[in-house]
Amino acid sequence: MAEAGSAHLAADEEKRSEGSSSESVSPGTTISRVKLLDTTVDTFLQKLVTAGSYQRFTDCYKCFYQLQPEMTQRIYDRFITHLEASIREEISEIKKEGNLEAVLNSLDKIVEEGKDCTEPAWRPSGIPEKDLCSTMAPYFLQQRDTLRCHVQKQEAKNRELADAILAGRRQLEEMQLQVQARQQAWQALYGEQRELLAFLREPE
């Protein structure tokens with residue numbers, strides 16, 4: 001039974017190696033980073049299963065293997081299956097939490113876009129201050145221009161509001177002058193009416 005289990009595992013490993021070799025691409029072909037990660041995980045699991053072979057497993061549990069060889073084979077198969085499943089599940093959780101597929105795809109996109117760039121890529125000069133200024137200065141200059149634009153717009157709004165306030169004050173002053181003129185006119189008319197009434201009441 002042990003020989004049959006070992007032969008079964010060897011056949012599985014051969015199938016996996018055949019599958020990985022069939023998926024191999026020709027030199028010069030760009031492989032996506034997501035696929036490269038999956039291939040790396042598959043290769044790691046294959047080597048892990050190979051390192052933890054059934055022979056080594058039985059060497060660790062010789063007494064149990066001699067008493068229950070069939071049970072030992074089932075335990076080993078279940079152990080390997082659960083180990084592989086748990087590792088794949090953990091890798092999937094890491095990919096999901098870190099949003100690795102989107103990040104790796106964006107890296108592939110950046111690399112593809114960079115192939116058409118003929119200008120030399122930026123390299124550090126070895127002087128941290130100079131490198132920091134060269135990378136951060138354009139950002140700060142852009143922020144300065146944006147703030148200046150906002151300040152200019154706000155100053156224009158403030159001037160409009162100031163002009164509106166001055167116009168309102170002038171309007172209010174004109175209305176006050178009109179009210180005073182009308183008040184004076186009413187007072188003059190009232191005085192004339194009083195004089196007329198006093199004249200009419202005088203005896204002849």
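Does Lys95 count as buried or exposed, and at what relative accessibility? At 16% relative accessibility, Lys95 counts as buried, because the cut-off for buried is under 20% relative accessible area. Lys95 is found in helix H5, and much of this report concerns that helix. The model is predicted.

**The chain as a whole**

The chain has seven helices and zero strands. Read from the N terminus, its elements run α-α-α-α-α-α-α. Buried residues make up 10% of the 204 residues in the chain. Taking contacts between residues at least 6 apart in sequence, 63% join residues at least 24 apart.

**Confidence**

The mean pLDDT of the chain is 82, and 84% of its residues reach 70 or more. Within the chain, confidence is highest in H5, at a mean of 91, and lowest in helix H1 (residues 2–22), at a mean of 46. Over residues 1–11 the pLDDT is below 50, and this stretch has nine contacts in the model beyond near neighbours in sequence. Residues 13–23 also stay under 50 in pLDDT. For residues 13–23, the model has five contacts beyond four places in sequence.

**Helix H5**

How far apart are the end C-alpha atoms of H5? They are 42 Å apart, and this agrees with the span of 42 Å that the 29 residues of H5 should have at 1.5 Å a residue. The buried residues of H5 are Thr72, Gln73, Tyr76, Ile80, Glu84, Ile87 and Lys95.

The table gives the relative accessibility of some residues of H5 and of Asn99, which lies in the loop between H5 and helix H6 (100–115).

| Residue | Relative accessibility | Class |
|---|---|---|
| Thr72 | 0% | buried |
| Asp77 | 29% | partly exposed |
| Glu84 | 15% | buried |
| Lys95 | 16% | buried |
| Asn99 | 44% | partly exposed |

**The nonpolar core**

The largest nonpolar core has five residues in all: Val49, Tyr54, Phe57, Tyr76 and Ile80. Helix H3 (54–60) and H5 each supply at least two residues of this core. In soluble globular proteins, nonpolar side chains tend to be buried together.

**Residues along H5**

Thr72 lies in helix H5 (residues 69–97). Thr72 counts as buried because its relative accessibility is 0%. Leaving out residues up to four places away in sequence, Thr72 touches Tyr54, Phe57, Thr58, Phe64 and Tyr65. The Thr72 side chain reaches the backbone oxygen of Gln68 at 2.6 Å.

Asp77 is another residue of helix H5. Its relative accessible area is 29%, so Asp77 is partly exposed. From C-alpha to C-alpha, Asp77 and Tyr54 are 8.7 Å apart in space, while in sequence they are 23 residues apart.

Glu84 also has its place in helix H5. At 15% relative accessibility, Glu84 counts as buried. Glu84 and Asp42 are 42 residues apart in sequence, with their C-alpha atoms 9.6 Å apart in space.

Which side chain makes a polar contact with the side chain of Lys95? It is that of Asp38, at 3.0 Å. With neighbours within four places in sequence set aside, Lys95 is in contact with Leu37, Asp38, Leu100 and Glu101.

**After the helix**

H5 is followed by Asn99, whose phi is positive, near 50 degrees. Asn99 has this positive phi although it is not a glycine. Most residues other than glycine have a negative phi. With a relative accessible area of 44%, Asn99 is partly exposed.

Note on methods. Residues numbered from 1 in each chain as written. Predicted model: local features only at pLDDT ≥ 70, side-chain atom pairs only at ≥ 80, totals over all residues. Heavy atoms only, no water. Helix = DSSP H or I, 4+ residues; strand = E, 2+ residues; numbered from the N terminus. Buried < 20%, exposed > 50% of the residue type's maximum accessible area, 1.4 Å probe, protein only. Polar contact = N/O pair within 3.5 Å; in protein donor to acceptor, adjacent residues only side chain to side chain. Contact = heavy atoms within 4.5 Å. pLDDT = per-residue confidence, 0-100. Core = buried A, V, L, I, M, F, W, Y, C linked by side-chain atoms within 4.5 Å. Expected span 1.5 Å × (residues − 1).
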